[in-house]
Amino acid sequence: MLEVYSTLHRALVSFEPRTKGKVSMYVCGPTVQSEPHVGHGRSAVAFDVIWRYLVWSGYDVTFVRNITDIEDKIIAAAEEAGESVETLAREMAKRFEDAFVGLGVLSPDFEPKATEHIDEIINLTAVLIDRGLAYARDGDVYFSVRALESYGKLSGRNPDDLRSGYRIEVDESKEDPLDFAVWKSAKPGEPSWESPWGPGRPGWHIECSAMAEKYLGQDFDIHGGGSDLIFPHHENEIAQSEGASGTTFARYWLHNGMVNLGGEKMAKSTGLVVDLASIIESHGGRALRMLYLRAHYRSPIEYSEVLLSEAAEALDRLDRFRKRATPGVPEEIALDRFREAMDDDFGTPQAISLLFDLVRDGNRLLDEGGEASAVAGAVETIVAVLGFDDASDPAVGEHALTDAEVDVLVGERNQARSDRRFDDADAIRDALEDQGVSLEDGPNGTRWLRK
RNA sequence: GGCGACGUGGCCGAGUGGUUAGGCGCGGGUCUGCAAAACCCGUUACACCGGUUCGAUUCCGGUCGUCGCCUCCA
């Protein structure tokens with residue numbers, strides 16, 4: 001019985017999808033304004049695992065992760081770079097895609113872009129105006145926060161509190177400073193689309209309302225994203241969608257925690273960022289995935305080279321067992337324990353703990369001369385659901401030895417060992433180590449593996 | 001100021017009203033030509049102060065501290 005922590009409920013609640021056996025899920029993907037950093041990777045991995053687990057659990061899942069490719073920041077970044085908004089957005093979207101592939105993040109069923117859903121956005125905006133929840137002013141359209149009684153229900157705020165914390169400059173055309181833009185009139189040189197209110201572009205938030213409805217309908221199951229999106233982004237999505245439809249937008253709201261650097265949130269605005277692509281290149285997407293999944297997806301996590309190395313070492317231990325054991329039919333008890341861990345709000349730390357329990361059990365069985373196929377089978381199943389197999393290993397140097405070359409050297413070394421020329425044997429072992437190949441001498445001969 | 005999360009052993013990080021999380025590290029051992037790997041043993045904790053209880057790290061109240069959101073943000 002799956003339970004999820006829903007931000008809207010502020011509690012662990014049992015998961016009951018709109019349609020039995022089916023799950024509809026929408027996750028806020030990136031605003032493609034700049035290169036992805038380690039924080040973006042975490043969100044992608046978190047929801048990738050949630051998706052994989054739901055599928056493995058037997059649900060027929062429809063997963064949508066959007067790309068916001070028109071927005072103030074993108075326009076500003078494009079201007080600075082001296083290229084078109086479209087070019088920059090396309091380039092950055094590609095960088096995100098590549099990084100996600102490295103992390104083993106699967107492609108969603110739909111990956112809609114804001115700029116390809118302008119008609120839906122305009123229609124939704126028109127509905128909001130019809131219902132008295134939005135108003136046009138000089139080519140802009142604003143959502144009237146005070147017109148929606150339930151505004152603030154996700155983030156636990158009420159408009160009066162917000163007013164006291166109000167810090168941005170007053171835009172004279174708004175009726176109330178809390179109102180937010182649904183549609184923005186185009187400034188000269190900016191990309192724009194024709195609309196009943198004149199040429200313009202979507203505000204931030206409306207694209208998600210429009211696209212989620214298009215692909216998943218109303219009252220869909222899971223809406224996810226980073227915890228920093230709770231307010232205002234998700235609050236405003238709810239306001240727009242529920243204001244327009246009069247019904248529930250999404251049933252469960254899941255939010256992943258932030259990645260910290262030295263105790264502070266990784267964010268472009270503070271310059272505290274670690275480039276995602278370069279970490280994947282140097283340490284591998286699998287190690288980073290391990291770092292992410294060792295903590296619960298809602299907890300904040302610290303990023304550092306040391307912590308990443310530790311995650312990589314844990315992963316090595318897992319890999320060594322997997323190379324040693326031959327998987328068979330998974331042990332049912334282990335899978336039950338896995339379900340128990342994951343059914344508790346996708347408890348990957350527990351699942352990984354279980355994984356290492358299994359590794360120890362399996363190694364012990366093999367050490368004792370038994371066989372560990374059921375344990376290894378369970379390990380493989382869990383590894384697949386957690387996505388470790390689809391993520392990348394560190395990029396290897398070009399001068400890496402081929403398998404055949406390694407086999408030859410290992411043979412030479414073993415000859416030297418039987419001749420008791422241990423200096424020669426050790427020299428070969430050291431040379432292989434330098435090439436990233438580790439040797440393990442066992443009772444059944446020498447095994448080698450690449451690091 | 002408002003809303004929310006959290007404070008666990010050398011480090012990371014789960015969990016529980018009374019019984020070993022797990023990983024990394026460290027110490028000892030088995031194995032090995034040596035090493036590595038693997039296994040075994042050991043290492044150690046629940047921020048502080050009250051309260052409830054036979055018993056609290058776990059529940060309640062308070063204190064202190066950290067972090068996030070309230071502006072763009074995964």
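Domain bounds, as used in these legends, come from an automatic or database domain assignment.

**Figure 1. Overview of chain A in the predicted model, with its domains marked.** The model is predicted, and its chain A is divided into domain 1 (3–260), domain 2 (316–390) and domain 3 (403–450). Between the C-alpha centres of domain 2 and domain 3 there is a separation of 29 Å. Taken along the principal axes, the box that the C-alpha atoms of chain A fill is roughly 90 × 50 × 35 Å, and the chain has 15 helices and 15 strands. Chain A has 451 residues, of which 50% count as buried. When contacts between residues at least 6 apart in sequence are considered, 76% of those in chain A join residues at least 24 apart.

Figure 2. Helix 8 spans residues 276–283, and its buried residues are Leu 276, Ile 279 and Ile 280. These residues are on the same side of helix 8, because the arc that they cover around the axis is only 100°. The cover over the buried residues of helix 8 includes helix 1 (38–56) and helix 3 (85–102), together with helix 9 (285–293) and helix 10 (305–324). At the start of helix 8, the backbone nitrogen of Ser 278 has a side-chain oxygen of Asp 275 within 3.0 Å. Just after helix 8 comes Gly 284, which takes a positive phi of about 95°.

**Figure 3. Close-up of the largest cavity and the residues that line it.** The structure holds one cavity of 30 Å³ or more, and the volume of the largest cavity is about 70 Å³. Its lining is made by Arg 42, Val 45, Ala 46, Val 49, Ile 50, Tyr 292, Leu 293, Ala 295, Tyr 297, Phe 346 and Thr 348. The elements that give two or more residues to this lining are helix 1 and helix 9. Of these, helix 1 supplies the largest share of the lining, namely five residues.

**Figure 4. Close-up of the second largest pocket.** The second largest pocket has a volume of about 640 Å³ and is lined by 28 residues, of which Asp 316, Lys 323, Asp 393, Arg 450 and Lys 451 lie nearest its centre. Two or more residues of the lining are given by each of helix 9, helix 10, strand 14 (437–442) and strand 15 (445–450). Helix 10 gives the most to the lining of this pocket, with seven residues.

**Figure 5. Close-up of Asp 69 and its contacts.** Asp 69 has its place in the loop between strand 4 (60–65) and helix 2, and with a relative accessible area of 9% it is buried, since the cut-off for a buried residue is under 20%. Leaving aside residues up to four places away in sequence, Asp 69 touches Val 32, Ile 74, Val 85, Ala 89, Lys 113, Ala 114 and Thr 115. Although Asp 69 and Ala 114 are 45 residues apart along the chain, their C-alpha atoms are separated by 5.9 Å. A polar atom of the side chain of Asp 69 lies 3.3 Å from the backbone nitrogen of Ala 114, and the side chain of Asp 69 also makes a polar contact, at 2.6 Å, with the side chain of Thr 115.

**Figure 6. Close-up of Ser 34 in its loop.** The loop between strand 3 (22–27) and helix 1 holds Ser 34. This serine is buried, with a relative accessible area of 14%. Apart from residues up to four places away in sequence, the residues that Ser 34 touches are Met 92, Phe 96 and Lys 268.

Figure 7. Gly 82 is found in the loop between helix 2 (72–81) and helix 3. With a relative accessible area of 65%, Gly 82 is exposed, because the cut-off for an exposed residue is over 50%. Gly 82 and Phe 356 are 274 residues apart along the chain, and a distance of 51 Å separates their C-alpha atoms.

Terms used
Residues are numbered from 1 along each chain as its sequence is written. Chains are lettered from A and ligands numbered from 1 in the order in which they are written. This is a predicted model: local features need pLDDT of at least 70, side-chain atom pairs count only at pLDDT 80 or more; totals for chains, interfaces and linings use all residues. Side-chain values use heavy atoms; hydrogens and water are left out. Buried means under 20% relative accessible area, exposed over 50%, partly exposed in between (1.4 Å probe, protein chains only). Helices (H or I, at least four residues) and strands (E, at least two) are DSSP runs, numbered from the N terminus. The arc is that of the directions from the helix axis to the C-beta atoms. Contact means heavy atoms within 4.5 Å. A polar contact is a pair of N or O atoms within 3.5 Å; within protein, one must be able to donate a hydrogen and the other to accept it, and residues adjacent in sequence count only if both atoms are side-chain atoms. On a 1 Å grid over the protein atoms alone, a cavity is a set of points where a 1.4 Å probe fits but cannot get out, and a pocket is an open set with protein on both sides within 12 Å along at least five of seven lines; lining residues have an atom within 4 Å of a point. Grid points are joined across faces, edges and corners, and a volume is the space filled by probe spheres set on the points.
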